[in-house]
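Q: Hi! Could you walk me through the inside of this one?
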Amino acid sequence: MGRDDANLSAAKRSFRSAKEEGNRQEEARWANVIGDILKNRGEYVEALKWLRIDYDVSVKYLPEKQLLTTCQSLGEVYLRLQEFEQALIYQKKHLELAKDANDLVEQQRASTQLGRTYHEMFLTSDNDHLSVRNAKKYFKSAMKLVETLKESPSFKDSKFFLKEYIDAHNNIGMLEMDLDNLEEAQKILTIGLQICGDEEVEEDNDARSRLHHNLGNVYMELRMWDKAREHIEKDIIICKRIGHCQGEAKGYINLGELHYRVQKYEEALRCYQKALELAKSMEDEDALAKQIDQNIETVKEAIKVMNDLKKEEQKLKKLTRETATAKGTPRERKCLLQQNACLDSLIEKSRMIFAWVKLREFAKRKKRVATELCDKEKLSDSFLAIGESYQKLRKLDRSIKWYMRSWEIYKSIGNLEGQALAKINIGDVLDSDGNWTGALDAFEESYR
């Protein structure tokens with residue numbers, strides 16, 4: 001931070017000097033430099049004050065093309081503050097100015113920023129389809145522009161726009177991941193890393209860190225835990241080395257999520273605590289700190305649920321022994337119904353903490369109990385839960401098989417709600433597997 005303070009003081013001296021001399025171009029430039037230093041320190045509100053000075057001086061006294069950098073900087077800071085509407089105003093102005101100047105470089109930068117803002121809007125909404133379409137449009141536009149720039153005679157044999165080319169792969173891969181197209185996301189992000197290797201991009205590079213961050217997320221969703229951890233830890237190490245405090249905090253959030261998914265709650269809490277310390281060391285990262293606090297509360301709740309689940313498992317063992325003793329007596333049915341109720345509770349608790357292997361185990365036991373009870377509805381409920389466990393474990397073929405068996409029994413007993421649920425789940429699996437026509441058919445049938 002000492003070096004930052006020295007740079008900030010020097011920049012402020014240069015700004016005052018330019019202002020006293022009436023050199024408007026240098027006054028605007030140094031205001032932008034100060035804003036950039038403050039932005040990198042996480043002091044976004046203070047950064048905005050200086051970037052507004054840059055903008056006001058540029059609008060009043062300088063040619064229109066001087067606004068390109070200013071609009072980009074303002075758009076980025078408003079995005080970090082999650083003030084999306086303000087971010088879009090400056091980013092769209094940035095793109096408009098770049099098109100007027102026929103400046104492909106600035107068009108590419110503006111398109112990338114617009115894609116990121118719409119992507120963030122999509123992530124913070126329940127299901128904002130318009131934002132996701134806009135994100136895809138701008139990210140693809142940015143990719144086409146950077147490919148055009150790389151192939152132009154002026155830059156063909158140079159490393160200009162390499163970072164932008166890598167980032168374009170990262171952005172599209174990230175979006176595919178959020179749309180649950182995990183294999184496609186993995187492919188695009190891996191190409192990005194291959195480009196880093198082929199072009200000998202240094203190890204401690206922010207473009208590499210972003211690729212590792214998103215590959216960690218993709219492998220986590222694919223339940224490939226070792227690969228996920230490898231990429232997440234590489235992201236954290238790079239961010240620490242290059243002094244990217246926000247990136248390091250987000251890396252620890254990812255690592256905490258990984259531990260949470262495999263029910264290693266103490267490790268998850270340690271990671272989230274480290275992320276929180278980093279977030280609080282930055283001036284205006286309140287939203288990030290709030291997210292981490294929520295994650296910590298989620299883990300604490302999961303610990304309580306896991307403790308309840310263990311007690312419930314002991315109860316199930318006792319009920320299983322009592323059922324064996326009551327075999328062939330009038331008490332047998334009562335014991336089986338108690339087992340079924342206990343298993344329903346265990347299935348729900350497993351679902352709450354994403355313990356999908358446990359959920360599968362309890363659902364299969366419910367199937368055996370339902371068979372002994374000769375209860376078709378309970379049997380189809382168990383098939384539905386088994387299908388869900390395989391879906392979450394990314395074993396999609398097995399998931400479809402169990403969902404279909406569930407649907408067939410629901411249909412045979414005339415249970416419309418059960419049929420609708422089974423078809424919705426079948427649609428979700430087909431959608432994840434890229435069979436969109438089949439998914440649409442299943443969703444339409446569930447609606448009927």
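A: Happy to. Keep in mind that this is a predicted model. On cavities, the structure holds one of 30 Å³ or more.

Q: How much space lies in the largest cavity?
A: About 40 Å³.

Q: And which residues line the largest cavity?
A: The lining is made up of Lys-136, Phe-139, Lys-140, Ile-172, Leu-175 and Glu-176. Two elements, helix H7 (129-151) and helix H8 (162-178), each give two or more residues to that lining. By type, the lining residues divide into three nonpolar, no polar and three charged.

Q: Nice. Switching to the largest nonpolar core, which residues touch the most other members?
A: Those are Ile-166, Ile-292 and Ile-353, in a core of 106 residues. Helix H14 (residues 286-325) provides the largest share of this core, with 11 residues.

Q: What does Ile-292 touch?
A: Leaving out residues up to four places away in sequence, Ile-292 touches Ile-253, Tyr-272, Ala-275, Leu-276 and Ala-279.

Q: Which residues does the second core include?
A: That separate core has 11 residues, among them Leu-384, Trp-407, Ala-422 and Leu-430.

Q: New topic: is Leu-79 buried or exposed?
A: Leu-79 counts as buried, because its relative accessibility is 14%, and the cut-off for buried is under 20%. Leu-79 lies in helix H4 (residues 67-80).

Q: And what does Leu-79 touch, past its sequence neighbours?
A: Not counting residues up to four places away in sequence, Leu-79 touches Phe-84, Ala-87, Gln-91, Arg-116, Thr-117 and Glu-120. Arg-116 is 37 residues from Leu-79 along the chain, and their C-alpha atoms are separated by 8.4 Å.

Technical notes
Residues numbered from 1 in each chain as written. Predicted model: local features only at pLDDT ≥ 70, side-chain atom pairs only at ≥ 80, totals over all residues. Heavy atoms only, no water. 1 Å grid on protein atoms, 1.4 Å probe; cavity = no way out; pocket = protein on both sides within 12 Å on 5 of 7 lines; lining within 4 Å. Points joined across faces, edges and corners; volume = space filled by probe spheres on them. Helix = DSSP H or I, 4+ residues; strand = E, 2+ residues; numbered from the N terminus. Nonpolar A, V, L, I, M, F, W, Y, C, P; charged D, E, K, R; others polar. Core = buried A, V, L, I, M, F, W, Y, C linked by side-chain atoms within 4.5 Å. Buried < 20%, exposed > 50% of the residue type's maximum accessible area, 1.4 Å probe, protein only. Contact = heavy atoms within 4.5 Å.
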